[in-house]
Amino acid sequence: MHNIQIDSEFQALIPPLSAEERAQLEANLLADGCRDPLVVWGDVLVDGHNRHEICTRHGLPFEVVAREFDSREDVVVWMVDNQRGRRNLNDFQRTELQLKKKSAIAAKARSNQQGGQGGVLLPANSPKAIDTRKEIAAAAGVGENTVSKVERIQETAAPELVTALRESKVSINAAA
């Protein structure tokens, strides 16, 4: 059996499945087995948290593939980008998911700024400079203004409003 470790920070990156999505995944796994391998970084699970839990609970076999990453930040970026293509998310959910890699992008930007000799900072218009908000907006398929609104909502909104946004009951503009 596999010695898979669950990293709570990585697990928290992934938006939870709705009850309906979870029931469908469980039904699919019971009917067809686990067709997609789980992905680990060392022993740490980075893709397949829901499949792992369901397969483990039911004693279903699963495959594991290892991926190499240079850092935790690289894992975060890969996990968020991997989820983007997997689910039918609304603008708020896509932006919220992409914002989870903001600190990883910022860390990479800081690293890139330590440019040439002696750690000279690169100007903002350098080809190696990274515009975090622009990158997040492009990845989420929304405008930079929407990214700003979602950040503001995350900082100040009541949990009930965030839930309504995730369920497409309220628009980002109305919530902002």
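Start by selecting Phe10, Trp41, Phe69 and Trp78, which form one aromatic cluster. The model is predicted, so local features need pLDDT of at least 70 and side-chain atom pairs count only at pLDDT 80 or more, while totals for chains, interfaces and linings use all residues. Residues are numbered from 1 along each chain as its sequence is written, and side-chain values use heavy atoms, with hydrogens and water left out.

**The aromatic pair**

Rings of Phe, Tyr and Trp (its six-membered ring) pair if their centres lie within 6.5 Å; planes under 30 degrees apart count as stacked, over 60 as edge-to-face and the rest as tilted. A search of the whole structure finds three aromatic pairs. Keep tryptophan 41 and phenylalanine 69 selected: their ring centres are 6.3 Å apart and their planes stand at 85°, so this pair is edge-to-face. The pair links distant parts of the chain, with tryptophan 41 in strand β1 (residues 38-41) and phenylalanine 69, 28 residues apart from it, in the loop between β3 (64-66) and α4 (72-84). Helices (H or I, at least four residues) and strands (E, at least two) are DSSP runs, numbered from the N terminus.

Is each of the two buried or exposed? Buried means under 20% relative accessible area, exposed over 50%, and partly exposed in between (1.4 Å probe, protein chains only). Tryptophan 41 is partly exposed, at 22%, and phenylalanine 69 is buried, at 13%.

**The sheet**

Next, select β1, β2 and β3. They make an open sheet of three strands in the order β2-β1-β3, with mixed pairing. Its edge strands are β2 (44-47) and β3, each of which pairs on one side only; two strands pair if DSSP finds at least two bridges between them. Neighbouring strands of the sheet are turned by 45° against each other on average, direction ignored. β1 and β2 run antiparallel and are joined by three bridges. To see a bridge, select valine 39, whose partner in β2 is aspartate 47.

Helix α3 (residues 49-58) lies across β1 and β2, running at about 120° to β2. α4 also lies across β1 and β2, but runs at about 35° to β2. Axes here are lines fitted to C-alpha atoms, for helices over the stretch in contact (heavy atoms within 4.5 Å), and angles run from 0 to 180 degrees between N-to-C directions.

How many disulfides does the structure hold? It holds zero, a disulfide being a pair of cysteine sulfur atoms within 2.5 Å. The cysteine sulfur nearest to that of cysteine 34 belongs to cysteine 55, 4.1 Å away, which is too far for a bond. Cysteine 34 is buried, with a relative accessible area of 12%, and cysteine 55 is buried too, at 1%.

Move to leucine 99, found in helix α5 (residues 91-99). Leucine 99 is buried, with a relative accessible area of 11%. Which residues does leucine 99 contact, leaving aside its neighbours within four places in sequence? They are Ile136, Val147, Val150, Glu151 and Gln154. The C-alpha atoms of leucine 99 and valine 147 are separated by 8.1 Å, although the two are 48 residues apart along the chain.

Last, select helix α8 (residues 144-156). It has 13 residues and reaches 19 Å from its first C-alpha to its last, close to the 18 Å expected at 1.5 Å a residue; the expected span is 1.5 Å times one less than the number of residues. The buried residues of α8 are Val147, Lys149, Val150, Glu151 and Ile153. An α-helix has 3.6 residues a turn, so residues three or four places apart point the same way.
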